[in-house]
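Please describe how the protein surrounds its ligand in this model.

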Amino acid sequence: MPDRLKDKVAVISGGSSGIGAAAARLFVAEGARVIVADLQEPLDQRLADLIASEPDRIQFKKCDVSVEAEIVAAIDAAVSAFGKLDAIVACAGVPGMGAAVDIDSDHWDRTFAINARGVFLFTKYAVPHMIEAGGGSIINISSAFGIVAGPHFAAYAASKGAVRNFSKSTALDYVGHGIRSNSVHPGYIDTPMVQNIVNNAPDINAAQAMFNSLQPGGKAGVPEDIAWGCVYLASDEARFVNGAELVIDGGLLAR
Ligand code: NAD
């Protein structure tokens, strides 16, 4: 069914790479107009080409989600370019690896500034525009490790757990305005984030085997597996889906 997001306007943080880039491409393919808000220019070549060729449908806005004013500017960019705001996908994230004793408080704070505080601020500044538009969909990318723990992911798992419950709080607070808020929980997905973790590990083969062993099928998903879930949550087909945890993990949490 094409045009599932016809006439909708979305901001996608972390949209230059991996899951966010796949979401940006699929949102445009389904008829949405999109602002890609990211620290870096699009890594994904198909996305870069789309931005260059279709500026009336998708634009890039440089945005560090740990800087409040840059989040405000990214939301404003959507409203000024496309006239309103219907959906946000808060996808920007960093891995934040290490067990409690091995990480310091700066590492903890930085992980939370991006993965949790950045998500809060996107909601904070998106909601007034969604109220004005008569409703909206907030899609916060958590993780399977926002539901269960991950070994050596102390700060990451804590930040992703925060996203999960924050999304539910928002779901209750703004349901009267037609705003839905849900979290998405990917399993192991083959993206630059995971490739960097593997490539920087002391034993690359062991790190790759560790990630593969997490998945019941023994191999990672692809960014589009998560992006289609975001399309669904942004669409009117999900109009009664609020405060939910959309797990897309190839069975990781079924163990
Ligand atoms: P990725 O590294 O490919 O993409 C992350 C994007 O976030 C990058 O474009 C990066 O520039 C951007 N980003 C990082 N810090 C930022 C900041 N301060 N401000 C703005 N943008 C920033 O990674 P991905 O795997 O596509 O991850 C996307 C989301 O999915 C993350 O929140 C991640 O935690 C979550 N996730 C990923 C996996 C996985 O296996 N890949 C699993 C569970 C959850």
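The model is predicted. The ligand sits in the largest pocket. Two or more residues of the shell around the ligand come from each of α1 (18-29), α5 (154-173) and α6 (192-199). Three residues come from α6, which gives the most to that shell.

There are 29 residues around the ligand. S17, D38, Y156, I189 and T191 come nearest. By type, the shell divides into 16 nonpolar, ten polar and three charged residues.

| Residue | Protein atom | Ligand atom | Distance |
|---|---|---|---|
| D38 | polar side-chain atom | oxygen | 2.6 Å |
| D64 | polar side-chain atom | nitrogen | 2.9 Å |
| L39 | polar backbone atom | nitrogen | 3.5 Å |

For L39, the backbone supplies the polar atom.

How much of the ligand's accessible area does the protein cover? On its own, the ligand has 830 Å² of accessible area, and the protein covers 93% of that.

**S183**

Is S183 buried or exposed? S183 has a relative accessible area of 1%. Buried means under 20%, so S183 counts as buried. The side chain of S183 also makes a polar contact, at 2.8 Å, with the side chain of H185.

Technical notes
Residues are numbered from 1 along each chain as its sequence is written. This is a predicted model: local features need pLDDT of at least 70, side-chain atom pairs count only at pLDDT 80 or more; totals for chains, interfaces and linings use all residues. Side-chain values use heavy atoms; hydrogens and water are left out. A residue is near a molecule or strand if one of its heavy atoms lies within 4 Å of it. A polar contact is a pair of N or O atoms within 3.5 Å; within protein, one must be able to donate a hydrogen and the other to accept it, and residues adjacent in sequence count only if both atoms are side-chain atoms. Accessible areas come from the Shrake-Rupley method with a 1.4 Å probe; for residues, only the protein chains shown count as cover. On a 1 Å grid over the protein atoms alone, a cavity is a set of points where a 1.4 Å probe fits but cannot get out, and a pocket is an open set with protein on both sides within 12 Å along at least five of seven lines; lining residues have an atom within 4 Å of a point. A molecule sits in a cavity or pocket if more than half of its atoms lie within 2 Å of its grid points. Helices (H or I, at least four residues) and strands (E, at least two) are DSSP runs, numbered from the N terminus. Ala, Val, Leu, Ile, Met, Phe, Trp, Tyr, Cys and Pro count as nonpolar, Asp, Glu, Lys and Arg as charged, and the others, Gly among them, as polar. Buried means under 20% relative accessible area, exposed over 50%, partly exposed in between (1.4 Å probe, protein chains only).
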